[in-house]
Amino acid sequence: MSALLIHGATVLTVNASDEVIADGAVLVEDGRIADIGPSAALLQRWPGVDRHDASGQVLLPGLVNLHLHSGLIRGTAEDMPVFAWLARHVDPKHRVLSADDAYAASRLCYAEALLSGTTTVLDMYRYMHRCADAAEQLGLRAVLAPYVADQPPYTYFETLEANARLVEERHGSAQGRVRVWFGLEHLTYCTEAAFREAARLAEHYGVGIHTHGEESREMASRLHAETGLWPIELFHERGILGPRTVLAHCVWLQPQEIEILARTGTSVAHCPVSNMKLASGICPVPELLDAGVAVGIGSDGVKENNNLDLLEEMKFVPLLQKVRLLDARAMPAPQVLRMATIDGARALGLADEIGSLERGKKADLILVDFMRPHLTPVLHGAYANVVSNLVYAARGSDVRLVMVDGQVLVRDGVLLRADVNELMRQAQQATEALIARREPYVPTIEGY
């Protein structure tokens, strides 16, 4: 039996009642949460186990990044709207990307995620057998959805056949931490047949589907003009929506599209920083939540964010809605914390295992150091401010400990299963080589 008692922390359980334990403790035993409650009670109940004093820190569930693209070209594709940016910068590099590049990219991205408190990612990238290797080595929980595209000229992306092989070979690997879904790049990158076949295969294998909901107002209007349907209506007509589907962005939604998402049980990954940076617009998160749609938070990739700090990302979720609606009451902090934890877990079908701190759940948890000037004071009772300061002021660099499946992966802010300097060196070399061999820009979408 392996057991660790973390005590003295402010515990944010994110359970059904959003219980906060001011001086709380969690007992981790054999990879799961065996007990939780006030520190005094657990210290008395478990006198013989190893202890970790977390005084001055906040203990909460590990964060769930519901939309990520591993990548290498951080800071090299700037100041363009989304489809011009894809055509001129991103796709030319995808055409020459290698499996070794994907491995270097995912290792650095997963390390960055862990160091900033993310324990679960939904990653859409290339050569994802190598991403599976990276996830297994570093220890985080990963749902992998390869970029699939079959519409010329995008046939250099992954195929549905390769995606199916990845499901067969890696789904449920790494003691269940690695899962594989079907990934469809975009409506304009995939044929109708690809959507229908992805839906069939996902049903056959019992896995999910991940793709991009529309983030460009111009593209949404273009698709409607060409087909008579809005993007969510097209997804529905092609059969991919349902409780095991997550759509990223969903910025320009018509009322009937929100109704379809709610009726089908489809989830949404909201990516506020990416949507701001690419000037895409603002996802109507309160309207989605009011309709009963599960909404989680995603960073998007390093090329469109430019970091994977989900603590930072949380701050922009309420700020965008407050200024969009001109309502300071929109999106209270506890609701945002739920989006980054239990709601993201629910979208992945993992809410029974992760996303909150409750007895019997897997021990995916993080400690955030609140003994920092920007997180002082720490107040409880009538003036409780811990959740608000976590959402509005905490940073990834405040994370001190990260645990997945009861295994400590980050201690005192240090990644334990890899040398971060070596990961950076490998990513630097891979990026320079990728840029050197990138293919010239060839227009692919009319107007771009």
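1. Helices (H or I, at least four residues) and strands (E, at least two) are taken here as DSSP runs, numbered from the N terminus.

1. Helices (H or I, at least four residues) and strands (E, at least two) are DSSP runs, numbered from the N terminus.

2. The model is predicted, so local features need pLDDT of at least 70 and side-chain atom pairs count only at pLDDT 80 or more, while totals for chains, interfaces and linings use all residues. Residues are numbered from 1 along each chain as its sequence is written, and side-chain values use heavy atoms, with hydrogens and water left out.

3. On accessibility, buried means under 20% relative accessible area, exposed over 50%, and partly exposed in between, with a 1.4 Å probe and protein chains only. By this scale E192 is partly exposed at 36%, and R196 is likewise partly exposed, at 35%.

4. A search of the whole structure finds 28 salt bridges. One of them joins the side chains of E353 and R32 at 2.8 Å, N to O. Because E353 lies in the loop between helix 14 (342-347) and strand 15 (365-369), and R32 in strand 3 (residues 32-38), the pair ties together parts that are 321 residues apart in sequence. E353 is partly exposed, with a relative accessibility of 27%, and R32 is partly exposed at 29%.

5. A further salt bridge links the side chains of D35 and R45, at 2.9 Å, N to O. With D35 in strand 3 and R45 in helix 1 (residues 39-45), this pair ties together parts that are 10 residues apart in sequence. D35 is buried, at 4% relative accessibility, whereas R45 is partly exposed at 45%. Elsewhere, R130, D133, E136 and R170 are linked in a network of salt bridges.

6. After helix 3 comes G117, whose phi is positive, near 100°.

7. Helix 3 (residues 99-115) and helix 4 (residues 128-138) have axes that come within 8 Å and cross at roughly 35°; axes are lines fitted to C-alpha atoms, for helices over the stretch in contact, and angles run from 0 to 180 degrees between N-to-C directions. The crossing is right-handed, meaning that the near helix is turned clockwise from the far one by less than a right angle. The contact (heavy atoms within 4.5 Å) is made by residues including A102, Y103, R107 and Y110 of helix 3 and R130, D133, A134 and L138 of helix 4.

8. Two peptide bonds deserve a look during review. The bond from P152 to P153 is cis, with omega near 10°, and P153 has its place in the loop between strand 8 (141-144) and helix 5 (160-170). The bond from T376 to P377 is also cis, with omega near 10°, and P377 lies in the loop between strand 15 and helix 15 (386-393).

9. Positive phi values also occur in residues other than glycine. Phi of M331 is near 55°; M331 is placed in the loop between helix 12 (310-325) and helix 13 (333-340) and is buried, at 3% relative accessibility. Phi of D412 is near 55° too; D412 is placed in the loop between strand 17 (407-411) and strand 18 (414-415), and is exposed, with a relative accessible area of 52%.

10. D398 is found in the loop between helix 15 and strand 16 (399-404) and is buried, at 0% relative accessibility. Leaving aside neighbours within four places in sequence, D398 is in contact with residues including L367, D369, R372 and H374. D398 and M371 are 27 residues apart in sequence and 9.1 Å apart in space, C-alpha to C-alpha.

Terms used: A salt bridge is a side-chain nitrogen of Lys or Arg within 4 Å of a carboxyl oxygen of Asp or Glu.
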